[in-house]
Structure formats: C-alpha cells, structure tokens
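Please look through the structure below before reading on, and keep it in view while the text moves from the whole chain to single residues.

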Amino acid sequence: MIILANRMELFAEHFFAGLNIRVAALQAQGCDVIRLDEGSPDLPPAPHIIDALSRAASRPDTHSYQPHHGFTELRQAWAGMYQRLYGVALDPESEVLPLLGSKEGIFHLPLAFVEPGSVVLVPNPGYITYTRGARLAGGEPYYLPLLPERGFLPDLQAVPPEIVQRARLLWLNYPSNPTAAIASLDFFAEAVAFAREYNLLLCHDAAYSQVTYDGYRAPSLLEVPGAKEVCVEFNTLSKSHNMAGWRAAALIGNAAVIKAMYTLKTNVDSGYFRPVMEAAVAAMTGDQTWLQARNDTYCQRRNVVLKTLQRLGLLVDSPRASLYVWFSIPQGQTSAAFAAALLERAHVSLTPGSVFGSEGEGYIRLSVTAPTERVEEAMQRLERAFRA
Ligand SMILES: Cc1ncc(COP(=O)(O)O)c(C=O)c1O
C-alpha cells in the first residue's frame, strides 16, 4: 500500500487544477467558454525575444546543464533593468539569483528562513504560494487582512506583539494579485522600518510591476534607502514580458539571502535552459517600447470591463496596474457560487475571491488576458446573466 505523508494535508490541490477539468468538460459538450480566470498573458513576447530563443536553441553548445546562478550576462541584465527602471544599483554577482519562475522561489524560500513553529506574515487575500511555502517549512501563516478602507494595504501596526516576535518573514505584493491595489514608496518605507524593527525578512513580490496603466509607474521596494539590508524582491518576466510559460524570474536584493537561496537551489534544480536565459537577456536589454502598446491593450480591455461592471452597479475601483479587476458581488451569495453560476449559465470563467483567502470572500477576480473582442463578448454574457 502506498502511504501518503501527513504533510500532503497542507497542500490542497490548486483551484485552477479543478477549474481546468470543469472547463474541459463544458468544452467537450461544445460550450464556448471564455476564460478570464487565470493571470496568464494571452499575447506573445516581442519577436526579438523569440528569435533569441530559437537562435540559441539551434546552437550545439546550449543544451547542457547550466550554472545555478545563470550566466553573467543574465544577472547583469536583471541588474541593468533595476538601474534603468528604479535607479537601484545591484551587484550582479551577489544580489541577483535567477529562478525557475518566481513561484518556485516563493515556495522554496521559507525552507531557508523559517523554523518549524515560527510565523510567516501573509496578505489575505493573497497569492496562495506564500501560505503553501510557509507550510512546507513548518511555519504558521498569520494573515494580514487587506481591506478596501485601507486601499488593500496591511495594517502592520495591528499585528499582535506576540505574533511579530515569532515572525520570520513578511510577504508583500504590489501591484497586488488579486486586488490590483498599488502601494506608494512611503508605504514600502514603513514596511522596511517594520521589518528592521522586528528583525524580519521582508519579501516583496513584484510580479506585476511592469503591467501598469494611466501613466502609473510601480516603484520597487528596493528604492527605499537601506531596503537591501532586510529585503528581497521577487521579479519575473512572466507578466512583464508575456513570458509566463518560459519560467524566467529572479530573486533580487539582500546578498545573504541570495547566498542561502543559491545554496538551497543547488540541491533543488540544475539551472534552466540556456536558450531561455539568452532570450531573457534579450527581453531585458532589447527594445522595450512594445510593453507600452501591450499595456495599452490591457487597459482597453480593463475599460470594457469597468463600463459593464459600473452599469451593473457592481462596486469596483479602476485598477492602475496588474492584470486584474477585483470587484465585489451583491451580498447574499458566496463568490464561489457566483463564479460557478456564471460558468455554468454564461460560460464565462472568473476566479472567486475566496480562492485567495477569507478576506477575498464577496469578491471576484477578473483577468484581462483574453482578446478584447472576447472580453467584450464575456461582458455581454455577464450582463445578460446578471439581469436574468
Ligand atoms: C503575485 C504573483 N506572484 C508570483 C507569480 C508567479 O509568477 P511566475 O510565473 O514567475 O512563477 C504569480 C503568478 O500568477 C503571481 O500572481
């Protein structure tokens, strides 16, 4: 008999695994399902990035294992991007570590910094991997409510002293998944001071930092003077350069944290495919003007969604970043029931807010990652279903 480890109780199957099965069943019945659930960019990266990949893949010298910390030009490309976008100077040798997508690093990092029984401060609602990684290391997630009245920023001073004293890590994520909220540099400075006061490692997940609208520029947490003493930032080309399937991300900041993660990762993986690394260099060092056009496309879709939601009287803030619109549904039904009914009746797939934590109940996350005409069609279906 195969005996499953008790630990598996901590890792429920991800919501999207079950959703994919339900959507596939509907499609098998001939239903035209519009998916605005997952945050996976639908548009391709720019041609020069794909060219770099295919040129590198055609060479005979690119198919072996790669160094765990990538090759020098890759780390330099991350450092160069931070200098260009944020004015943050990084040592590519000690302050940048490539990851196989940021999810991998987010899941593994607590193994290096969290003792069994210690606390990890996690936003609620938030990206579920913060909780799963904390649990992998035997840590206890303590949830920081993100409430609309505080602009979906956590009230760090409200964390009870006995919790802070046991805490090792603090997770933040702005622009935020799922709330699409943004944070100012002042808030980041407050968080850095909090981390310093309580001897926490502050981990900022900047996955959506280059998906911005209406002239907004998302700051890096590392812009806060002295942030590198207590912080690392996760960054990824998944959303910034439409490269979600490529798995090219990096951990950036505090050199001691980078060193520990490097040591850990020498046991976990064997680097990643050199052509992907070369394409990542092309993505970060080559032409960037296409990103504005891409963001304009997302913005156009966002506006289609906002118009419909506002017409239906659903409460919604106009997001200035991320791929998401986060809106509250009428009282009296759960977000899971709302999303399930919409999928069954209108064949529009959205993500219930409760997937991201208890404070997500009453909300729905809509991702603008489908062609504009499909978003328009989805909104017509939503409106018909809602009025019916
Ligand atoms: C907040 C957040 N962090 C990290 C990730 C993972 O990104 P990657 O593709 O780099 O693993 C996602 C993906 O949806 C995300 O929403």
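**From the whole chain to single residues**

The protein chain has 13 helices and 12 strands, where helices (H or I, at least four residues) and strands (E, at least two) are DSSP runs numbered from the N terminus. This is a predicted model, in which local features need pLDDT of at least 70 and side-chain atom pairs count only at pLDDT 80 or more, while totals for chains, interfaces and linings use all residues. Residues are numbered from 1 along each chain as its sequence is written, and side-chain values use heavy atoms, with hydrogens and water left out.

Along its principal axes, the C-alpha trace of the protein chain spans about 60 × 55 × 55 Å. A compact globule of 388 residues would have a radius of gyration near 21 Å, and the protein chain, with 21 Å, agrees with this; the radius is taken over C-alpha atoms, and the globule rule is 2.2 Å times the number of residues to the power 0.38.

Of the 388 residues of the protein chain, 56% count as buried, a word that means under 20% relative accessible area, whereas exposed means over 50% and partly exposed lies in between (1.4 Å probe, protein chains only). In soluble globular proteins, nonpolar side chains tend to be buried together. A nonpolar core is here a set of buried Ala, Val, Leu, Ile, Met, Phe, Trp, Tyr and Cys residues joined through side-chain atoms within 4.5 Å. The largest such core has 65 residues, of which L74, W78, L121, L170, Y174 and L202 touch the most other members. Helix α10 (residues 274–285) gives the most to this core, with 8 residues. A second, separate core of 34 residues includes L323, I329, L350 and A370.

What does L202 contact, leaving aside its neighbours within four places in sequence? Its partners include L170, L172, A191 and V232, contact being defined as heavy atoms within 4.5 Å.

Two loop residues can now be followed in turn. G70 has its place in the loop between α2 (47–58) and α3 (72–86), and G70 counts as buried because its relative accessibility is 3%. Leaving aside neighbours within four places in sequence, G70 is in contact with R75, P98 and M277. S40, in turn, lies in the loop between β1 (34–35) and α2, and S40 counts as partly exposed because its relative accessibility is 36%. With neighbours within four places in sequence again left aside, S40 is in contact with A244 and T369.
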